[in-house]
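Work through the exercises below with the model open. Try each task before you read its solution.

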Amino acid sequence: MTAPLPEITKDLTIPKLFLKQCKKYGPNKVAMREKEFGIWKPYTWQDYYENVKYLCLGMLQLGLQKGDKVAMMGDNRPEGLWAEMAALCAGGIGVWLFQDCMVDEVKYIIDHSDTKIFVGETQEEVDKALAIKEDCPKLKWIIWDDPKGMRHYKQPFLKSIKEVQALGRELDKKEPKLFEDLIERGHGDDICLLFYTSGTTALPKGALLSHYNMLTMGRNLMSVDPCYDTDDFVSYLPFAWIGEQMMSISCGLQVGYTLNFPEEPETAQENIREIGPHVMFAPPRLYEGMTRRVQVKYIDSTWIKRKFYEFSMKVGYHVADLKFKKKPIPLHWRLLNWLAYILVQKKLRDHLGMSRLRHAYTGGAAMGPDHFKFFHALGVNLKQIYGQTEIAGISIVHRDGDVKFDTVGIPIPETEVKITEQGEIISRSPSVFQGYYKNEEATKKTLVNGWLYSGDRGFIDEDGHLVVFDRSKDVMTLRDGRPFSPQYLETRLKFSPYIQEAWVIGDKRPYVTAVMCIDYNVVGKWADERKLNYTSYQELSQKPEVYKLVKEQIIQANKDLPEVAKIKKFVNLFKVFDADDDELTRTSKLRRAFVEQRYKDIVEALYKDTNVVHMDTTITYEDGRQQRIKIDLAIEKIED
Amino acid sequence: MVNTPPKSQQDEILLKVEDIHMTFGKVQALIGVNLEVKKGEIHSIIGPNGAGKTVLMNCINGLYKPQKGDIYFKGQRINHLKPYQRAQLGIGRTFQKIELFKGMTVLDNIRLGRHVFLKSGIISGSIYVGKTKKEELEHRKFIEEEIIDLLEIEHIRHKTVGMLPYGLQKRVELGRALALEPELLILDEPLAGLNLEEVEDMARFILDVNEEERWKVTCILVEHDMGVVMDISHRVLVLNFGNPIADGPPEEIQKNPEVIRAYLGEEDLYATRR
């Protein structure tokens, strides 16, 4: 079970490790599973090996050479990972795109990265690639794996994964040693991934990561929280997110645990429950979604169930608090907690797919303390981690038994973290990236003498834990001159199940205001129960009753805040912030500068003596169509 | 995008309706309607409300018995056959108003569509060995791989139909009709009440079912959404108060002055979605 982790040397590459693991486990162990047609279908390490081998040789036949880029797009599925591994085995560089990227973003990344081969999943991805093919002359081949809807596509540069693998088989017959020779040629300092960071301000930048970066990152995390090759991991977050690469490749390949791919993105939650993973890493919004689901079910359930839940959570919160304070838990509280576990926690954890979970990590954005405590009250070992694409994933994590809900933990081995005089977090480790692709200037700003400048403001507390305040450029100055993190208040607001997104404004302003996006499902249900009629999100968001509801949620979040930081006015937005409208990054972070520009009428009105603002704007659908919207939004004051 | 069915199929007539008359008391719902549906095509039927479109569908599918006229399916006269017998011959349909079993799951509703294919008896069924088991596995495979995957309803497999949003119920109804593996599929207003995104999905499913090698189902489409009708149909029949006024390819229909007067001209009433 606890096989020692492979030693990471400068000579080792991801493909070399892949080859080693395939030889070790062969046909006797399941490397990955995919739910297809309602059944979990296993692939052994032998299957994994063969699929990657033929795909790699096939790509070689298509003209892939060392250092060429292969872009991938699509849902998490074995074929996606095979394509990535095949590209790496051939000495190529992997580039991942978020599956919901619009044509412009695809074009920018494919063009900027000099991608030669594009691997898409379905007709949808192929269509996007076809739309940009003419503008990206370096793109030579488009490969797809799901035949659905592909019946009319006859272009000569289009091939299915199966066709490419058939080409690979031919080559393998001629040169049976070629595949392993290719792998042998790699070196740890070679670039393996070109990762586009979803900038909150500017165009995406391509971070270059070497094999050594990725592998040392995985090893250092695994030495803090060991995983075993008998473990299960569910891979359902975009591969274009570094966190997923870290879990599936950096850690997964070293440990040899089984990767499980859900049937469809919509079934992920259900599939996670079926698998019951041992380790989980997700951005806060997914945990927030879980909390919201529990809260909504609670509101819906019967009186007796609600009472049991209230009791269990009360006990859970108390025990979690004792643990946070590192105090011993008295016997009677242990007994009560056991009862709470039997009555509620066990079942809830099972429903959330957390029954076998050893470690759950959250990172990528700030998580509100309320959400964080909620999971600890359920007995889930949730830990914060902090990192960024430029450090191949993470650099800081909570240790078991040393979890503080307002910090992100302490550095992993081989990692140094310091705070500059300006309060910026900087770090140094073997996993620090090699620079931005074709962007000398940005590289110079970010990498100084081997130190990685994060652009985040924070400090190190008395226990040596790092506290991340906010992005430096997002930190607000309140009217009394105090610095304040809008993110902190936003995560507090989002603890309410009725609120999906919030945007807090108030930098150098006389008071703090907020733009709120209600959760359509939850508020819609709430309205149904009260017999409020509505036909759309727009209409629902502007109901006076809904304003009252949102106001109550804000008053709740305003509690215990200093007077100057309290939200004084708010407006319900007519839509939810969306990455397709450039309001969020693909990892769901709010792009403040952009929304400030886009909704400047609203911002102005919030600081004027008016109770209505007129909006006239366009929204964009995923397929690029636009719709014009004209609406009057009410502005509500919050009196103390 | 207008497609022409493959040459080899172009002349084969799957369904032929000859001089159908249908009256309810003094109301003449259909007055001498003729229709020829060729194998492999999508044949749409349009017309204002009360034109007799659904009545015609009900005649084809056997719910109504026309007073006069003949209906031939694959050359066989089927006037005397009961609806279930017509279903066994390969005529499937969906309904304008959803007719699903609301208290059952999506999967169970679709399974019901396969009922006509179940051959094993009550005894082997009760002990679930041999023939029943084999049969069941085959049906499961078919439903999962051909229907659930096609219609992208994996996430609602085990959900109760009555709890689903309208758009998804429509999809399930198509799924149940497909479970019958029909040769001719009657779609009675499959797009009514759907939002823009759902309309596009449904149009894509209809095209998939019509064009995909696996299916190649001939479709009769009754629909008010002119954008979709003109986009995906091979031919269009226009009815007006029980009278057929035109039958031909979409581009001809759009130019036909009589059609414009009777129906298309009322652009405001039947606003297309683009």
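**Exercise 1. State which way strands β1 and β4 of chain B run, and how many bridges join them.**

Step 1. Strand β1 covers residues 13-24 of chain B, and strand β4 covers residues 68-73 of chain B. Helices (H or I, at least four residues) and strands (E, at least two) are DSSP runs, numbered from the N terminus.

Step 2. The two strands run antiparallel and are joined by five bridges. Strands count as paired if DSSP finds at least two bridges between them. One pair to look up is B:Leu15, whose bridge partner in β4(B) is B:Phe73.

Step 3. Four strands of chain B make an open, antiparallel sheet in the order β2-β1-β4-β5.

Step 4. Helix α1 (residues 53-61) of chain B lies across β1, β2 and β4 of chain B, at about 120° to β1(B). Axes are lines fitted to C-alpha atoms, for helices over the stretch in contact, and angles run from 0 to 180 degrees between N-to-C directions.

This is a predicted model: local features need pLDDT of at least 70, side-chain atom pairs count only at pLDDT 80 or more, and totals for chains, interfaces and linings use all residues. Residues are numbered from 1 along each chain as its sequence is written, and chains are lettered from A and ligands numbered from 1 in the order in which they are written.

**Exercise 2. Give the strand order of the six-stranded sheet of chain B, then find its edges.**

Step 1. The order is β6-β7-β8-β3-β9-β10 (chain B), in an open sheet with mixed pairing. The edge strands are β6 (91-94) and β10 (243-248) of chain B. Neighbouring strands of this sheet are turned by 15° against each other on average, direction ignored.

Step 2. β6(B) pairs in the parallel sense with β7 (residues 184-188) of chain B, over four bridges. There, B:Ile91 has B:Leu184 in β7(B) as its bridge partner.

Step 3. Helix α6 (residues 166-179) of chain B packs on the sheet and touches β6 and β7 of chain B. Its direction makes about 170° with that of β6(B).

**Exercise 3. Describe how the two domains of chain B meet.**

Step 1. Domain 1 is 1-90 + 184-274, and domain 2 is 103-181. Such bounds come from an automatic or database domain assignment. The C-alpha centres of these two domains of chain B lie 27 Å apart.

Step 2. The contact takes 13 residues from domain 1 of chain B and 11 residues from domain 2 of chain B. Contact means that C-beta atoms, placed from the backbone, lie within 7 Å.

Step 3. On the side of domain 1 of chain B, α2 (83-89) and α7 (196-211) of chain B each give two or more residues. The largest share, five residues, comes from α7(B).

**Exercise 4. Which residue classes make up the side of chain B that touches chain A?**

Step 1. Eight residues of chain B are in contact with seven residues of chain A. Helix α5 (residues 130-151) of chain B gives the largest share of the chain B side, three residues.

Step 2. That side has no nonpolar, one polar and seven charged residues. Ala, Val, Leu, Ile, Met, Phe, Trp, Tyr, Cys and Pro count as nonpolar, Asp, Glu, Lys and Arg as charged, and the others, Gly among them, as polar.

Step 3. Check confidence. The predictor gives the complex an ipTM of 0.81 and a pTM of 0.88. Chain B has a mean pLDDT (the predictor's confidence in each residue, from 0 to 100) of 88.
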